[in-house]
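Here is a friendly walk through a two-chain model. Please keep the sequence and the 3D view open as you read.

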Amino acid sequence: MSDTIFQLKDVNYSYLGKFPALSHIDLTIEKARMVAVIGANGSGKSTLLQMLDGLIFPDSGTVTAFGTDINERTFADLSFSRNFRRKVGFVFQNPDVQLFCPTVKEDILFGPLQLKEDRAQTEKRLDRLVAILGLGALLDRSPHQLSVGEKRKVAIASTLIIDPEVIILDEPTAGLDPMTTRHIIDILKKENSLGKTVITSTHDLHIVEEISDMVCVFGNDKKIVRCGPSSEILKDTPLLQAHNLVHIHAHRHDGSTHVHPHDHPSHEHSH
Amino acid sequence: MAFTIGNNFIERSITGAIAFLKESVFTDEYASRDGLMQSIDPRMKLVTSGMLLLTALLTKNIAVVLYIYSVSLIFTYLSKINIGFFLKRTWVFIPLFSLFIAVPALFNIFTPGEAIANFNIFGLHLIVTRPGLSGALLFVMRVITSVSIVVLLSITTRHSETLKALRLFKVPQIFVMIFGMCYRYIYLLIEAVENTYLAIRSRVGRQVHYKKGQQVVAWSMASLWQRSYRMNEEVYSAMLSRGYAGEPVVFNDFKTKPWDWMWLLLIIIICVIGVRFI
Ligand SMILES: Nc1ncnc2c1ncn2[C@@H]1O[C@H](COP(=O)(O)OP(=O)(O)OP(=O)(O)O)[C@@H](O)[C@H]1O
Ligand SMILES: [Mg+2]
């Protein structure tokens, strides 16, 4: 039990009671795993991650986090919610909603301040994150005037600064250049090697392999169609194709067009 | 930029106004220059601007107002702000105020006294009186001086610092926070209007039939509201997710330098000279 971080049993959720977003979800996430959630647009990835972060609660079914059933009532308990917020960090899909302070620096420090973290240690982490993500020149700028990629980096920094045990990221690499994507993957792998649980949603099959040892595939009916080891799932081209995750590649060789599915697990292919 | 492709006057002026608003209010262009006012701690700047403002507003002597006005223009110059731009930006407010308050006060009906000029407008016999004239001048100078001080303060201070300074003057944190968010939303809304406009143009091409245009605009306004509503909810979630529990804890890192205290002293001297010796 102590090794289970999240356990969802037959969870259903719909927005405003009429837009279904999760349907009969059963899922167990163990400590120190790297989990990737993949699926087409609108399949429920963000909804699931928000539920794991205790921001929304199921219409039916149960969510257990760190061995406790979570719902509105458990979060009304201040010490529980503070403890939970300290343990679980969430990077939103839309960095605009995550950044609401006047300056980047204040935004990054918002979490530690709310959680009354130790000041000196926070400063140390801030310096490290700023160095890793290259945010030095941005600290005094207004977050809303940054580029999308810069915003995302700030959002990631503002989550990592509380040093959470569980890091949940909703499409963390969307809109980032290859170098920054690389940095972020490296950060996540490093955190995982320190025993952190990393849960990521993404469309980018290139990075799935690196940021996960377990993959959950969402179907179009807001259900998880399969959860399994990444190596297995990434080889299952028909499954991926059925859920909009692989696109057909067309390219020309000596005047003739040649079509094949974009094959991600092995990066080389022969013609 | 959007307004170069616009082909009718209103369209051009609206997109122009949006761009202007964005540039003048929302970029910290002047605030990031390396000038006099920019070097002063925002709290000090707020206090000293208040002192200059009070001096200009409380005096009955136009010479004092003129003196404070010239001081503010000197500060403007030393803050590396183009004086021409500054005068244009501040004098635009004057006609508006003058029309309603200063101009009527010129005449004998409102301000009795020695006559210095006569008018006959539509059979109405109007006399400009000496106290009327000096009263109107004093008024106009006071307005322009106050506006200049406020504009100077606001364009030389980063928006975020103004907010922080407010917080230090015991404006409740939650207000400052809401204020800051409003500002952010206005910015995002302006961006959204601009982007939606660009998106419409790129989709329907140069000529937008005006009926069609109306529909599109109505639709995009609706979606804008919806978007901002949803965003509010999400921002709240984001705050919760990072440990917000009702009362935000904020970060103050203002440090006053000796220079700030010298500045305070300088302004006190300027004000005392104004009140005592002029
Ligand atoms: N605030 C909301 N109000 C109503 N319906 C919503 C809301 N947010 C999401 N939905 C609906 O819930 C479903 C799941 O959405 P979700 O955001 O979880 O998808 P997603 O897998 O994250 O998609 P994407 O890849 O586009 O981010 C979608 O059908 C969507 O239309
Ligand atoms: Mg999503």
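## Around A:Ala65

Leaving aside neighbours within four places in sequence, A:Ala65 touches A:Ile5, A:Phe6, A:Ile70 and A:Phe84, where contact means heavy atoms within 4.5 Å. A:Ala65 sits in strand β4 (residues 60-65) of chain A. Helices (H or I, at least four residues) and strands (E, at least two) are DSSP runs, numbered from the N terminus.

Is A:Ala65 buried or exposed? A:Ala65 counts as buried because its relative accessibility is 0%; buried means under 20% relative accessible area, exposed over 50%, and partly exposed in between (1.4 Å probe, protein chains only). A:Asp53, 12 residues away in sequence, has its C-alpha 9.4 Å from that of A:Ala65.

## About the model

This is a predicted model, in which local features need pLDDT of at least 70 and side-chain atom pairs count only at pLDDT 80 or more, while totals for chains, interfaces and linings use all residues. Residues are numbered from 1 along each chain as its sequence is written, chains are lettered from A and ligands numbered from 1 in the order in which they are written, and side-chain values use heavy atoms, with hydrogens and water left out.

## The two chains

Chain A holds 11 helices and 12 strands. Of its 271 residues, 55% are buried. Among chain A contacts with a separation of 6 or more, 64% are between residues 24 or more positions apart.

Chain B has 10 helices and two strands, which follow one another from the N terminus as α-α-α-α-α-β-β-α-α-α-α-α. Buried residues account for 41% of the 278 residues in chain B. For chain B contacts between residues at least 6 apart in sequence, 73% join residues at least 24 apart.

## Two residues with positive phi

A:Leu16 is not a glycine, yet its phi is positive, at about 55 degrees. You will find A:Leu16 in the loop between β1 and β2 of chain A. A:Leu16 counts as exposed because its relative accessibility is 74%.

A:Glu171 also has a positive phi, about 50 degrees, although it is not a glycine. A:Glu171 lies in the loop between β7 (166-170) and α8 (178-193) of chain A. With a relative accessibility of 10%, A:Glu171 counts as buried.

## Helix packing in chain B

Helix α2 (residues 42-58) and helix α6 (residues 130-156) of chain B have axes that come within 9 Å and cross at roughly 175 degrees. Therefore α2(B) is roughly antiparallel to α6(B). Axes are lines fitted to C-alpha atoms, for helices over the stretch in contact, and angles run from 0 to 180 degrees between N-to-C directions; under 35 degrees counts as roughly parallel, over 145 as roughly antiparallel, 65 to 115 as roughly perpendicular and the rest as oblique. Residues in this contact include B:Leu46, B:Ser49 and B:Leu52 of α2(B) and B:Thr145, B:Ile149 and B:Leu153 of α6(B).

The axes of α3(B) and α10(B) are 9 Å apart, and the two helices pack at an angle of about 155 degrees. That makes this pair roughly antiparallel as well. B:Val64, B:Tyr67, B:Val71 and B:Phe75 of α3(B) meet B:Trp263, B:Ile267, B:Ile270, B:Ile273 and B:Gly274 of α10(B). By class, these contact residues are eight nonpolar, one polar and no charged; Ala, Val, Leu, Ile, Met, Phe, Trp, Tyr, Cys and Pro count as nonpolar, Asp, Glu, Lys and Arg as charged, and the others, Gly among them, as polar.

The largest pocket has a volume of about 1400 Å³. Its lining has 44 residues, with A:Tyr15, A:Gln50, A:Ile56, B:Glu233 and B:Glu234 nearest its centre. α9(B) gives the most to this lining, eight residues. On a 1 Å grid over the protein atoms alone, a cavity is a set of points where a 1.4 Å probe fits but cannot get out, and a pocket is an open set with protein on both sides within 12 Å along at least five of seven lines; lining residues have an atom within 4 Å of a point. Grid points are joined across faces, edges and corners, and a volume is the space filled by probe spheres set on the points.

How many cavities of 30 Å³ or more are there? The count is two, and the second largest cavity holds about 60 Å³. Among the residues lining it are B:Ser49, B:Leu52, B:Phe75, B:Ile149, B:Trp263 and B:Ile267. The largest share of that lining, three residues, comes from α2(B).
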